[in-house]
Amino acid sequence: MENFEQRQHGERAILVSVSVQLLDDLDAEEFRLLAQSAGAEILEHVSVQRQKPDPKFFIGSGKVEEIAELVRALDAELVIFDHSLSPAQERNLEKVLKCRVIDRTGLILDIFALRARTHEGKLQVELAQLKHLSTRLIRGFTGNLEQQKGGIGLRGPGESQLETDRRLIRVRITQLKDKLIKVQQTRLQGRAARQKAAIPTISLVGYTNAGKSTLFNILAKSDVYAADQLFATLDPTLRRLEWDGIGTVVLADTVGFVRNLQHDLVESFKATLEETLEATLLLHVVDSSSPNMPEQIEAVESVLKEIGADAPILHVYNKIDLSGDTAKITYKAPELPDRVYLSAHSGQGLDLLSQAVQQCLMGQLQQFDLVLKPAYGKLRTQLYTLNVIQSEHYDDEGDLHLSVCITPHKLEQLIKQAHLPLDEIVGAKSFLFHRVLEEFESKQE
């Protein structure tokens, strides 16, 4: 069998979209975007209709010959299928087409490899690639894999090159899993510290290219890479910030999801997606201008279900500047928001997002009635800066009565920073805050 050496990217490619009645139909435009994101030069896009997949080629032999003629006529180097192919189907297609063939999973992995920037991201990509490659070794990426090793320094107990490569890949997969476990332990330590400090974590999830990173940058005043392309960001990003009306939160941006994401890919990226498992609130960012919005929402919810994420979800319908929707909040129950319509690009509706998040976090946020003496104006200024004051009035003695909505942790932190006596300024009705007060006083003693 011929060997087809893999180049970095930029190959002249023919795309093959297959509509199979027994399987979910895929979005042809999204497939083109995936190929372009990998750097492919698209020569032709072939559409195929099938009642069911062919065991040998996935598509019919007549279509295979037709694509083979296109490969020769257009001098194509690569054929990409928008479905998962078995290793045998890939080998059979390569024999006839006389060029490399990859499936949807291989294409997504190639994009992941291009996008990974951090140590953790690269580990996860390599693990997913090796798992995918381990069933396809016979394709011959190291030469004749059935040839036994020989020569000085290479003679062994009769082990074939194929067996050696499989063994080395198994060893490397084990090493990568061990390294990712250490990354996971580091994440757990940071997460435990946040939970101990009672800091809410808000995780952005959504279909790729829905605008998560753009929204993240606005909220966190950050510069995470954001572009109008699939999988623009792959690595998870966490920022601690002071959110007006809410207080201290940790905001997490995660990898975008896509339809028909293979289980192995989800499994390999669980370390990244774990931020969604422990989140206090999930912001599901939706591209409201996409014609495939319902399918994209379903794909995200499917992955969230697969990884066991059960945190409350607030749907953020982004890109209303393109869809024509108006900025608004819709509710599934009184005081319990379900959707926020906004535009991260134009800024429309961002104030409504703060309001909706505040209402969703009422389990974390609490109402406190504070009494501040005239000399405690610095604390009032800090509370106003956070935009957590709901009402205020002065009594006959000149003391300021404030009604604030804030997390107990943040209120305690502000009072500590101002070096103020808690018992003189707080008239708390919350049992939880009394407990925080008692713990704080016991530490002072």
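His 132 turns up in helix H5; helices here are DSSP runs of H or I with at least four residues, strands are E runs of at least two, and both are numbered from the N terminus. The model is a predicted one, so local features are given at a pLDDT of at least 70 and side-chain atom pairs at 80 or more, while totals for chains, interfaces and linings use all residues. Residue numbers start from 1 along each chain as its sequence is written, and side-chain values rest on heavy atoms, with hydrogens and water left out.

With a relative accessible area of 18%, His 132 counts as buried. Buried stands for under 20% relative accessible area, exposed for over 50%, and partly exposed for what lies in between, using a 1.4 Å probe on protein chains only. Setting aside neighbours within four places in sequence, His 132 is in contact with Asp 103, Thr 105, Gly 106 and Leu 109, contact being heavy atoms within 4.5 Å.

Arg 136 sits in the loop between helix H5 (119–133) and helix H6 (161–196), and at 7% relative accessibility it is buried. Beyond its neighbours within four places in sequence, Arg 136 contacts Leu 85, Ser 86, Pro 87, Glu 90 and Asp 103. For Arg 136 and Glu 90, 46 residues apart along the chain, the C-alpha separation is 8.6 Å.

Glu 90 belongs to helix H3 (residues 87–97), where the buried residues are Gln 89, Glu 90, Asn 92, Leu 93, Glu 94 and Leu 97. An α-helix has 3.6 residues a turn, so residues three or four places apart point the same way. The cover over the buried residues of H3 includes helix H2 (61–74), strand E3 (78–81) and strand E4 (100–102). Just past the end of H3, Lys 98 has a positive phi of about 60°.

Now for the sheet itself. Four strands make up an open sheet, in the order E2-E1-E3-E4 and with parallel pairing. Strand E2 (41–50) and E4 are the edge strands, each pairing on one side only. From one strand to the next, the twist averages 20°. H3 packs on this sheet, touching E3 and E4, and its direction makes about 145° with that of E4; axes are lines fitted to C-alpha atoms, for helices over the stretch in contact, and angles run from 0 to 180 degrees between N-to-C directions.

Strands count as paired if DSSP finds at least two bridges between them. Strand E1 (residues 12–20) and E3 pair in the parallel sense over four bridges, with Ile 80 in E3 as the bridge partner of Leu 15. Between E3 and E4 the pairing is also parallel, over three bridges: Leu 78 stands opposite Arg 100 in E4, and Val 79 opposite Val 101. In a regular strand the side chains alternate between the two faces of the sheet. E3 is covered on both faces, with Leu 78 and Ile 80 buried on one side and Val 79 and Phe 81 buried on the other.

Elsewhere, the unreviewed UniProt entry carries a "binding site" annotation covering Ser 213 and Thr 233; UniProt positions follow the numbering used here, feature names are shortened, and annotations may be inferred rather than shown by experiment. Ser 213 lies in helix H7 (residues 212–220) and is buried, at 8% relative accessible area. Another buried serine is Ser 354, at 19%, in helix H12 (residues 350–360). Leaving out residues up to four places away in sequence, Ser 354 touches Trp 243, Asp 244 and Ile 246.

A cavity is a set of points, on a 1 Å grid over the protein atoms alone, where a 1.4 Å probe fits but cannot get out; lining residues have an atom within 4 Å of a point. Points are joined across faces, edges and corners, and the volume is the space filled by probe spheres set on them. The second largest cavity has about 30 Å³ of space and is lined by Tyr 207, His 284, Val 285, Val 286, Asp 287, Gln 296, Ile 297 and Val 300. Strand E8 (281–287) and helix H10 (293–307) each supply at least two residues of this lining, and E8 gives the most, with four.

How values were computed. 1 Å grid on protein atoms, 1.4 Å probe; cavity = no way out; pocket = protein on both sides within 12 Å on 5 of 7 lines; lining within 4 Å.
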